[in-house]
Amino acid sequence: MLTTTGLPPRVRPDVAGIQRRTLRLLFVTQIIGGIGVTIGVAVGALLAADLAGTAVAGVAQSAAVVGAALLAVPITRLMVSHGRRPGLAVAYLVGAAGGVLTVLAAVTRWVPLLFVGMLLFGGGSAANLQARYAAVDLAEPARRGRQLSLIVWATTIGAVAAPNFAALTDEATAGWGLPRLSGPFAFSAVAFVLTAGVLLLFLRPDPLLTARRLTTAPTDPAASTGPTDPVAPADLAASVDPGTSVGGGSVASADPVAPAGGPVVAKVGAVVSPAARTRRGAGVRTAWSVVRHRPAARLGIAAVAVGHLVMVAVMVMTPVRLHESHTDAEVLPVVGLVLSLHIAGMYALAPVVGWLTDRLGRRAVILGGAATLLAACVVAGTAGHDTVRLTLGLVLLGLGWSATMVAGSTLLSESVPTEVRPTVQGLSDLTMGLAGAGAGAASGFVMQVAGYPTLALLAAVALGPLVALALRPAPPAEPAPNRVPDEEE
């Protein structure tokens, strides 16, 4: 845990104040960005089915998931070098470009352009997902789960209402000559541009750069590398609890007793070498090497990836399932209502999930999320064309996703060294996105060949490996290594 209570007032940064401002800003931008993302999710499969057929609908929808996954790595590399602010803004702008291309694809009815547009549209999802990690850069360990979940929950306000806006935006843009189902993507593009602008202007100081200065601030200001934000004077020192892992090294050698009544200042310069700091831009292989040596990090990534896989597999084909029993005129309002309740399940109880994550432990909440996802697959898969039961299954699907996402993300973030944390978080979102993309791509074919109940059954079976991993006894705590493994390892 980082603490600065022992620092002299002239060098003590207002970490709590920075964290409060960061959370408030992320809360607002998640609302705006969540509207943009969710409107696209609500109509993406329907637009793809209209242009290319049901079998391709899942593939087109999964293109957005692939886009979010592939963007996770370059976006986190940008964050490692320049902080959270430019990384999040660039991701939203890529999403806006994808929204524009998707509208052009609908106008021209050119299916390849639709895939490109949906691929780039995933930038909005990538930004929304990465924002949760920005919420814990400066969080106290005992509150990480709650503060991460607060940003996840913020999406509720925009995302729950967004599917119901789909019909309104479609009608509003019809006067512009836009084809049916393309208007929502134009609206999403505007929302993403607005969100990027707000972040660029107001996310100052950058939480990641501030956390890095607190954990790796050298005694010699000239030794500092990388960009900085004006948080404190150049002689800022970080005070840490004895034994805390800082930048992948142990500071157990720090004297827990403040000399002459002064602060306990971590001798971080002796722990984190300049060579280690220059590897902040290390790639996926280094991130995987770090995760491979940490069972808790592996469980965190698995929880996020499997939970997302199950959710995407069932959710993306639900609008198509509803279309089987509803006319063209009524399907959009019904889909909007069902997905609104599903998204409420994903986000509305996130603060409760975060509280349980901090109180009961990360592993217990992951197991609870897996059990909820299993129940969701059973209810949705046996609902037939009963819209009420199908809605209940989608709500449970959202609750299970929330538990695996919040608990898994929290566990991952606290299980890896600070210097490679953004890259490992990018690896997690890459894995999550590819898992969801594979499920989304396969879901359309499974739906056409075997039907929706079989799709739900296969999603339930996918939970088996996660449950087995979470039930394995936790290994005894090991001291943090003194360095980050090289990519060759």
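This is a predicted model: local features need pLDDT of at least 70, side-chain atom pairs count only at pLDDT 80 or more; totals for chains, interfaces and linings use all residues.

Colleague: OK, what secondary structure does the chain have?

Modeller: It comes to 18 helices and four strands.

Colleague: And how much of the chain is buried?

Modeller: Buried residues make up 57% of the 489 residues. The chain exposes about 18,400 Å², and carbon and sulfur atoms supply 67% of that. Among contacts between residues at least 6 apart in sequence, 82% join residues at least 24 apart.

Colleague: Let's go inside, then. Which residues touch the most other members of the largest nonpolar core?

Modeller: That core has 107 residues, and the ones touching the most other members are Leu 114, Val 310, Met 317, Ile 366, Leu 397, Tyr 452 and Leu 466. Helix H10, residues 295-315, gives the largest share of this core, with eleven residues. There's also a second, separate core of eleven residues, including Ala 287, Val 290, Ile 301 and Val 420.

Colleague: What does Val 310 touch?

Modeller: Leaving out residues up to four places away in sequence, Val 310 touches Leu 373, Cys 377, Leu 397, Ala 459, Ala 462 and Leu 463.

Colleague: Switching to H15. How far does that helix reach?

Modeller: H15 covers residues 387-413, so to speak 27 residues, and reaches 38 Å from its first C-alpha to its last. That is close to the 39 Å expected at 1.5 Å a residue.

Colleague: Is H15 mostly covered or mostly open?

Modeller: Mostly covered: 20 of its 27 residues are buried.

Colleague: What caps its N-terminal end?

Modeller: Asp 386 does, with a side-chain oxygen 3.0 Å from the backbone nitrogen of Val 388.

Colleague: I was also looking at Thr 410 in that helix. Why does Thr 410 count as buried?

Modeller: Because its relative accessibility is 2%, and the cut-off for buried is under 20%.

Colleague: So what does Thr 410 touch?

Modeller: Arg 144, Gly 145, Leu 148, Thr 357 and Arg 362, not counting residues up to four places away in sequence. Arg 362 is 48 residues from Thr 410 along the chain, and their C-alpha atoms are separated by 7.5 Å.

Colleague: New topic: aromatics. How many aromatic pairs are there in the whole structure?

Modeller: A search finds five. One of them is Phe 27 with Trp 153, a tilted pair at 5.6 Å centre to centre and 45° between the planes. Phe 27 lies in helix H1 (residues 15-52) and Trp 153 in helix H5 (residues 144-174), so the pair ties together parts that are 126 residues apart in sequence.

Colleague: How exposed is Trp 153?

Modeller: Trp 153 is partly exposed, with a relative accessible area of 26%.

Colleague: And the Phe 121 and Phe 185 rings, why is that pair edge-to-face?

Modeller: Their planes are at 70° and their centres 5.2 Å apart, so the pair is edge-to-face; the cut-off for the angle is over 60 degrees. Phe 121 sits in helix H4 (residues 111-134) and Phe 185 in helix H6 (residues 183-202), 64 residues apart.

Colleague: Which residues are in the ring cluster?

Modeller: Ring pairs link Tyr 92, Phe 121, Phe 185 and Phe 192 into a cluster.

Conventions. Residues are numbered from 1 along each chain as its sequence is written. Side-chain values use heavy atoms; hydrogens and water are left out. Helices (H or I, at least four residues) and strands (E, at least two) are DSSP runs, numbered from the N terminus. The expected span of a helix is 1.5 Å times one less than its number of residues. Buried means under 20% relative accessible area, exposed over 50%, partly exposed in between (1.4 Å probe, protein chains only). A polar contact is a pair of N or O atoms within 3.5 Å; within protein, one must be able to donate a hydrogen and the other to accept it, and residues adjacent in sequence count only if both atoms are side-chain atoms. A nonpolar core is a set of buried Ala, Val, Leu, Ile, Met, Phe, Trp, Tyr and Cys residues joined through side-chain atoms within 4.5 Å. Contact means heavy atoms within 4.5 Å. Accessible areas come from the Shrake-Rupley method with a 1.4 Å probe; for residues, only the protein chains shown count as cover. Rings of Phe, Tyr and Trp (its six-membered ring) pair if their centres lie within 6.5 Å; planes under 30 degrees apart count as stacked, over 60 as edge-to-face and the rest as tilted.
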